[in-house]
Amino acid sequence: MRYYFLVLLFFFSYCVAGQSSLQKAQYFLDRSDYRHAVPLYEKITNEAKLNHNLDLQVTAQNGLADCYIDLGATYKAMAILKQNVILLNRATSKNYLLFAKTHQLLAICYDKLYLTEDYLAECHTFYRYYKKAAPEKEIYKSLYFAYLGRYYNMRYLIDKAYYYTSRALKIYHKNKKEHLIDDYIFYNAHMFTIRNYKESLGNRFKYLDSLQYFIHKRYPYDNLKKSRLFVSVAALNLDLASNNLFNTDKIDYKTGNFNANKAIALYSKGIAINNKLAGYYYEPSSHLNSLRGLMYFYKKDYAKALENYDEGIKRLIIPSDLEKSNYNNNAALLGLLNWKAWCLDEMYIQKKDTKLLYEIEKNLLLAEKIWQEYTNNSIKNIKQYHTNIYYNSPNNNLVKNYYKLVLATGNRKFIDLYYEYDQKSKYTALLETLYEEKEKNNSVKNNFTSNAIYISLENLFLNINDKIPQVLSKKQFEKEAKKELTLYTENNPNLFKKNILSLTEVQNKLNENEIILSYNFTGNQNNYRVLVFMISKYRTKIMALNNENDLQVDNTKVGNILENLQQNLISEYKSAAYNYYYDYFKPIEKYFPKSTTHIQIIPNANIANLPFDILLSEKNASNDFNQLPYLAKKYEFSYGLSSSISDIVDQNATKSNIFSVFSPSFHTKDLAKLSKNNKESKVIANSFNAQLFQGTEATKKAFLNQIKNNRMVTLLSHGNASDDELESNKGIYFSDGFLSMNEVYNLKTNCDFLLLGACETGVGYKSREGNINLARAFTAIGVKSMMLASWKIDEKSSLQIISLFLKYLDAGYTKSAALQKAKLDYLATASPRMANPLYWAGLNITGNNETIRLQQRDYWWWGFGILSFFIGVVLITYYKFYSKK
């Protein structure tokens, strides 16, 4: 009995000692004393391992990971935390609270790496465990909402962010006596939200006062976490400086400079704390440098702005011969390089010194290299790419700079480079999707090396900053980093340089009646300019159109045209459609070759859903929709995601000549019966000897089988889409289910032409590379061209146009010419009401514009018949001649 008592006494003493050591380590961590905190956490970890105390081991390792997060070694922290998750999962007894805290720290890591979707997944996970650990504690729901608000802020979905951060504060106020969560977290989350929300200035200052109070209450001493919070504290001053010095027609120097100086003081204080507690080579300090540089940028002190941007860049570059090969925290470096380019561009506007343009080019090409590496390493899927606003590629900035170099030098090579980066700005992610499966064995299997190289670089930075005890020398860390860099370079080929057509190759492929118009929006901060690039067989022309102070201005113009049509406001529509033509088409039209009949539009995201058919080429007094001077009467239009993408998917032509038609039936109140579709589908199938899938036979499974190898597939059904990127229910309906846009990305096909006669199949949400819709998804899997709907289409008029289109297509017309003739035929006989463009302009061609025959024509039979006839005539003539003789 005495023996058991002694064992229990020893175990109790050990646990008390362990908790005491943890408290001491936390004391050092709170004061950013990592020279004592790190070895103490390591000591606790080793003792816990020896005594098989898993909870204590994981708690200590979480503390160690927190130290590394503070010190900027995020990948090193993640490696520890992921190991902790494995240990917790293996345990027979589940400690849900430890699970929750571990996943919360992982969420913080993904936040620092700007990996928004991984961050969201960890948020869901930590809240699930908090609910299991303490289902009665509502304060954890408040914490979860605060983190969700951060996610939506990172996505710049401010209404959603406000919903969650305001609710987080309400729940917190009801449960703040529990003292389980640091109070400042809730105010910090909401302060970040109300920067972009319609909140009164007085309320913003109240929240700011509360945030400052709770920060000082939690950290009355200098601390790296406190230093990072200076970004939130200074945010209101930053916004007031921006609104009074930059994003305004009426500059208020007094108010603007006052707030800029207050923000500069806070950023400088944060940098001083970081230098003292973390060292010089530290990512949060580089971020503060970038913000301080932005304040000088707003004050038009460009020399000071550049000084800060350069210092921020220096903090992220390894001070050795490794600096030419790799960098630390690429996402932060990307922002600095882009902001430096904007600053140099403003200096060029003032001085017109061409040397500045060359400096911008050098700066942005470095940014491109870093962006490629970061994207290859960190982005795992298409959703991550399109939903992250923090690591924009430099492509658009390069487009703008090459345009200015064209004007400044007249050098042809800059026209070629303008074209290259204009195309890259629209298709890089799509190109990656096209080659995702093909390159998987070559690069994705070795993706682990990217984390290894970042950890080796973090170890080197920690060594140089010298804020924790050193195990190895700087030379040893450099040797390890070089080893990982070599391994990474050998196993990760660059995917971004493949299959980019040159401008000359594109021109060679064009016919003399064809041109390409590629639209792009570029600018600094919120001041944007529309650029259009015309490409014909023998000529190119780049033109800057009108300036826009905000991208939303152009969105509004497009929206007004469509809204006027929906309300049948013909006078308002005529004015809006002509004005858009005057601003965005007429200036470049005078450079068209006289032979031009076909125009391929490669739009930016803002005009991706606007059919140029409906623009009006002149002012017209008529109030009859039939009689208006539509561009459709002058040109045939098709649309493209990029000229290079069209060429890539064309390389995999199908050998099949099968044409299939789908017309599903529906047995739900939510989907209307499409009786006209069923009738017309039979006519189409009979006319062109197509394989018909009708009613219950038109299943999702049948469609997936047919699209693999069929040359052409027509689907007459219901579609669903939205310009809300959070709406996941985008796709097309079949008799037995729904094919979502996300599912499409997992398919494979060599289909030449896909006709989607369903509502809104061309609608999508706007991203940095264009409209994310079914066109992009089907192109990604290999479909060469498509007919899509730009809005909710009318069943009767659409079927009439589709029927005429197929007739002209089978007669040998190109897709755009067949569709133009079909629309004009329809318009010639339509009633005044049905001549509204909503009834005829919604269907449009995306992708290649080649001819495609719908029926197999056995021309050799014709040849054999003609030859037989000719031989017969000769024989008869010969026989008659010799009979007479």
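Y519 counts as buried, at 1% relative accessibility; buried means under 20% relative accessible area, exposed over 50%, and partly exposed in between, with a 1.4 Å probe and protein chains only. Before I go on: this is a predicted model, where local features need pLDDT of at least 70, side-chain atom pairs count only at pLDDT 80 or more, and totals for chains, interfaces and linings use all residues. Residues are numbered from 1 along each chain as its sequence is written, and side-chain values use heavy atoms, with hydrogens and water left out.

A search of the whole structure turns up 54 aromatic pairs. The rule is that rings of Phe, Tyr and Trp (its six-membered ring) pair if their centres lie within 6.5 Å; planes under 30 degrees apart are stacked, over 60 edge-to-face, and the rest tilted. Take Y418 and F533: ring centres 5.2 Å apart, planes at 75°, so that pair is edge-to-face. Y418 is in helix α20 (residues 412-434) and F533 in strand β2 (residues 527-535), so the pair ties together parts 115 residues apart in sequence. Helices (H or I, at least four residues) and strands (E, at least two) are DSSP runs, numbered from the N terminus. Y418 is buried at 0% relative accessible area, and F533 is buried with 0% too.

Now the rings of Y519 and F612: their centres are 5.8 Å apart and their planes at 45°, so this pair is tilted. Y519 lies in strand β1 and F612 in the loop between β4 (598-602) and β5 (636-639), so here the pair ties together parts 93 residues apart in sequence. F612 is buried, with a relative accessible area of 1%. And which residues form one aromatic cluster with Y519? Y578, Y581, Y582, F585, F592, F612, Y635 and F637.

On to S518, in strand β1 (residues 514-524). Buried or exposed? S518 is buried, at 0% relative accessible area. Its side chain makes a polar contact of 2.4 Å with the side chain of D422, and S518 has another of 3.2 Å, side chain to side chain, with K426. By polar contact I mean a pair of N or O atoms within 3.5 Å; within protein, one must be able to donate a hydrogen and the other to accept it, and residues adjacent in sequence count only if both atoms are side-chain atoms. Leaving out residues up to four places away in sequence, S518 also touches others, including L531, F533 and I602; contact means heavy atoms within 4.5 Å.

Two charges to point out. R150 lies over the face of F192, 5.0 Å from the ring centre, and the charged end of R315 sits over the ring of Y280, 4.3 Å from its centre. To qualify, NZ of Lys or CZ of Arg has to be within 6 Å of the ring centre and within 35 degrees of the ring normal.

R150 also turns up where helices α6 and α7 meet, on the α7 side, with residues including Y147 and Y151. S32 has phi near 55°, positive in a residue other than glycine, and S32 sits in the loop between α1 (2-30) and α2 (34-50). Y156 isn't a glycine either, yet has a positive phi of about 60°. Y156 is partly exposed, at 47% relative accessible area, whereas S32 counts as buried at 5%.
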